[in-house]
Amino acid sequence: MAAQSQPHPLRSLTHTLKPSPASLKLLRKPSTLIVAAKSNPHPNLGGRKLRVAVIGGGPAGSSAAESLARGGVETFLFERSPAAAKPCGGAIPLCMLDEFDIPSHLVDRKVTHMKIISPSNLTVDFGKTLKPHEFISMLRREVLDSYLRSRAESNGAVSIKALVTSLEVPSSPHAPYLVHYTVDNSTQKPLAVDCVVGADGANSKVAKSIHAGNYACAIAFQERIRLPDHKMEYYNNLAEMYVGNDVSPDFYAWVFPKCDHVAVGTGTLRSKHDIKLLQSGIRARVLPKIEGGKVIKVEAHPIPEHPRPIRVRGRVALVGDAAGFLDLLQKVFYGSNAAREALVELCGDEYVQRMTFESYLYKKLATGNPWEDLKMLSSTIGSLVRSNLVGREMEVFNQSVLAKVR
């Protein structure tokens, strides 16, 4: 999860699992997992329950494991580092609270104000169309992930703290998959299962085992910074997004509020060396607001840029980062500072804000107005044309700043 203009990692799958021939081709397409394991076991299972290994205990893996276990499937949930947390802005849509039954005490902040800041520091208040009951939930991944894993366990999933080293794919249709894993960095063990859910991140071993294809990965980097009380008050219910070559050449940077600190981070498709330079850029942009703060945690993690070519093969399905989920606007709006100026200018339009939040908060296609859509297209073109002038000036400015930083 870095804060993103894309679906939060609470991604899921849609399929019904039943001990029948279809169950050996389960999880055909990614979306909400519904499981119904009936009492008529398939003859190939020898009278036992269907057995599934879920590799990875993030939101996608834990949610899949919970649904599988609740449906009567013998479920094993592998997570090598339960205490670790992926660097993520932690923003989730309003509908996810109900859909995934997330209790309110897990929500650190209910953000109702958002600012988008352009390369030239044009600032737009984004959120003017939010209704009184609407907000963006800010959570810490270590808290959310731990809760979802515990809930999966309470529904019958068996948690295994171990590193999965490889997945052995069977040569016949009904033979088991063998999950090879290491406990405490020493003991090697195998587990035979009927099906596998790969939720083991952007560098998924499960994906490699089934030859799911490659994709480009971005790097997300963020620092958790505890601020003095009077500065933390500024971010009480405010999130900020920054765009510009100084903070990210292909994504954006963010300052998101947590329980008692803020997450300051950025993402890029460039190298690890560049990510540190870009992190310096976002710190410089927000320095007056975070000055005097103390860094309490530093995090970095790969994030997929787009879906994998193959997400289901045989009796294996990939979910979450392992499947790939990040859809980007960079082809149009993140290609240059000129385009970013246009993006921020457009974000000031209330119609754009309403359409954006209706789609984001409820994860459904918002119903637009044809006339307003036409005006928005015209405004987009106009903004891009006008911002070309701003963009050229900002490119020169950013080059001089980056030269000084280096």
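Visitor: What makes the crossing of helix 1 and helix 3 left-handed or right-handed?

Guide: In this predicted model, the crossing of helix 1 and helix 3 is left-handed. A crossing receives that name if the near helix is turned anticlockwise from the far one by less than a right angle. The two helices, residues 59-70 and residues 141-154, pack at an angle of about 15°.

Visitor: Why is helix 1 called roughly parallel to helix 3?

Guide: Their packing angle is about 15°, with the axes 8 Å apart. Angles under 35 degrees count as roughly parallel, so helix 1 is roughly parallel to helix 3.

Visitor: Which residues make this contact?

Guide: Helix 1 contributes P59, S62, S63, A65, E66 and A69, while helix 3 contributes R141, L144, D145, L148, R149, R151 and A152. By class, the contact comprises 6 nonpolar, 2 polar and 5 charged residues.

Visitor: How do you know which strands stand at the edges of the sheet?

Guide: The open sheet has 7 strands in the order 8-7-16-17-18-15-19, with mixed pairing. Strand 8 (123-126) and strand 19 (294-304) each have a single partner strand, so one side of each lacks a neighbour in the sheet. Direction ignored, neighbouring strands are turned by 15° against each other on average.

Visitor: How do you know that strand 15 and strand 18 pair?

Guide: Pairing requires at least two bridges. Strand 15 (residues 217-226) and strand 18 (residues 262-268) are joined by 7 bridges, so they meet that requirement. These strands run antiparallel, and the bridge partner of I225 in strand 18 is V262.

Note on methods: Residues are numbered from 1 along each chain as its sequence is written. This is a predicted model: local features need pLDDT of at least 70, side-chain atom pairs count only at pLDDT 80 or more; totals for chains, interfaces and linings use all residues. Side-chain values use heavy atoms; hydrogens and water are left out. Axes are lines fitted to C-alpha atoms, for helices over the stretch in contact, and angles run from 0 to 180 degrees between N-to-C directions. Helices (H or I, at least four residues) and strands (E, at least two) are DSSP runs, numbered from the N terminus. Angles under 35 degrees count as roughly parallel, over 145 as roughly antiparallel, 65 to 115 as roughly perpendicular and the rest as oblique. Contact means heavy atoms within 4.5 Å. Ala, Val, Leu, Ile, Met, Phe, Trp, Tyr, Cys and Pro count as nonpolar, Asp, Glu, Lys and Arg as charged, and the others, Gly among them, as polar.
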